[in-house]
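Biologist: Hi! Could you walk me through this model?
Modeller: Happy to, here it is.

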Amino acid sequence: MNVSIEQMAEELKKYQEFRIVYHIRPDGDCIGSSFALALALKSIGARCEVVGRDEVPPVHRFMTDRVVPDVLTNPVYIAVDAVSPYRTGNFQNEHFTFCIDHHRDNSIEADYKYVEPDCGACSEIILKLIKAMGIMVTKDIADFLYTALVTDTMCFRTSDTSIQSFETAAELARCGADIYNIGRRNMFIKSAGRLKIEQILRDSFHFTCDNRILTGIITLDDLKRADILDSELEGINSLVEQIEGVRIGVTVRELPDGRTRCSMRTNGNISADKICAVHGGGGHLHAACCELDTDPVEARRIMEETCRGFLE
């Protein structure tokens with residue numbers, strides 16, 4: 001059932017145990033939003049743990065490792081920043097009492113659901129929810145929410161960045177968020193492995209349709225050569241949209257299970273989520289993804305063909 005932020009806040013107060021689930025291949029938004037919500041609920045006496053199929057990326061562990069999970073006996077489940085049951089990983093068969101998200105066409109069934117499509121980051125919603133519950137935003141909560149905001153908006157550069165995004169950032173700054181270090185850690189500093197994998201991706205670039213479609217590939221062997229983990233690739237998909245004249249960019253990443261993840265960036269009136277929906281995916285207007293049961297080379301061919309149809 002779709003509810004308002006105020007209704008969601010009132011319903012959350014009725015429970016004492018929460019298992020908060022972030023999406024597979026987690027990014028800064030789902031991690032920051034999930035752990036901020038956990039800290040907020042714990043501050044009013046609830047017991048919480050934050051879980052996901054995949055481990056928290058190393059860049060965020062200096063914050064998440066300080067949040068001690070509670071022992072739970074009969075928790076209710078909250079899906080945060082997950083657009084579909086599949087994206088909740090090994091929790092997809094659980095009953096979700098709550099769902100909080102900012103993606104289009106969210107397909108998770110929940111007793112109480114709040115979706116604000118295409119807002120800059122899920123953390124914008126979490127902040128509103130925490131305030132609606134009358135909970136004070138501590139510095140730790142603000143740090144998590146600002147991490148989520150700055151990573152999902154690519155430092156306020158995505159098309160979903162709005163007035164609300166900047167108002168959220170200002171409020172979090174007033175609450176003590178470490179603006180400088182969080183921005184620097186997530187958007188500026190890069191490891192040697194990250195620099196190497198970015199070059200490998202650039203070397204794989206393939207242009208079609210008069211250079212309006214660009215695809216790049218990252219294989220498992222590439223990750224080994226660069227000595228970098230898949231969880232350290234957050235934001236790398238933006239490389240395909242940095243070249244002038246490109247209308248559709250796709251980063252094709254080989255997955256350990258033999259499938260490929262195709263992350264898409266578009267601009268103008270070209271809808272990334274509609275293109276990815278052809279292959280069972282989804283997301284936002286200018287940023288979406290899908291997964292294909294094939295190798296990276298064939299996935300590139302399929303995505304170029306699909307994108308060509310929408311471009312024409």
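Modeller: Let's begin with a strand pair: β9 and strand β11 (residues 287-292) pair in the antiparallel sense over six bridges. Two strands count as paired if DSSP finds at least two bridges between them. Helices (H or I, at least four residues) and strands (E, at least two) are DSSP runs, numbered from the N terminus.

Biologist: Before we go on, what kind of model is this, and how are residues numbered?
Modeller: This is a predicted model, with residues numbered from 1 along each chain as its sequence is written. Local features need pLDDT of at least 70 and side-chain atom pairs count only at pLDDT 80 or more, while totals for chains, interfaces and linings use all residues; side-chain values use heavy atoms, with hydrogens and water left out.

Biologist: Back to β11. Which residue of β11 stands opposite Arg261?
Modeller: That is Glu291.

Biologist: And why is β9 called largely enclosed?
Modeller: Because seven of the seven residues of β9 (residues 260-266) are buried, the rest of the structure largely encloses the strand. Buried means under 20% relative accessible area, exposed over 50%, and partly exposed in between (1.4 Å probe, protein chains only).

Biologist: Which way do the β9 residues point?
Modeller: Thr260, Cys262, Met264 and Thr266 point one way, Arg261, Ser263 and Arg265 the other way, and all are buried. In a regular strand the side chains alternate between the two faces of the sheet.

Biologist: How many bridges join β8 to β9?
Modeller: Seven bridges join strand β8 (residues 248-254) to β9, and the two run antiparallel.

Biologist: New topic! What is the strand order in the open sheet?
Modeller: The five strands of that open sheet come in the order β2-β1-β3-β4-β5, with parallel pairing. Its edge strands are β2 (47-51) and β5 (110-115), each pairing on one side only.

Biologist: Which strands does α4 lie across?
Modeller: α4 lies across β3 (76-80), β4 (96-101) and β5, running at about 120° to β4. Axes here are lines fitted to C-alpha atoms, for helices over the stretch in contact, and angles run from 0 to 180 degrees between N-to-C directions. Contact means heavy atoms within 4.5 Å.

Biologist: What about α5, is it mostly covered or mostly open?
Modeller: Mostly covered: 11 of its 14 residues are buried, including Phe144, Leu145 and Tyr146. The buried residues of α5 pack against α2 (28-43), α3 (61-64), α4 (122-132), α6 (163-174) and α7 (179-187). After α5 comes Met154, whose phi is positive, near 50°.

Biologist: Last topic: how many disulfides are there?
Modeller: The count is zero, where a disulfide is a pair of cysteine sulfur atoms within 2.5 Å. For Cys209, the nearest cysteine sulfur is that of Cys307, 8.8 Å away. For Cys289, the nearest is that of Cys276, 6.3 Å away.

Biologist: Are those two buried or exposed?
Modeller: Cys209 counts as buried at 17% relative accessibility, and Cys289 is buried with a relative accessible area of 14%.
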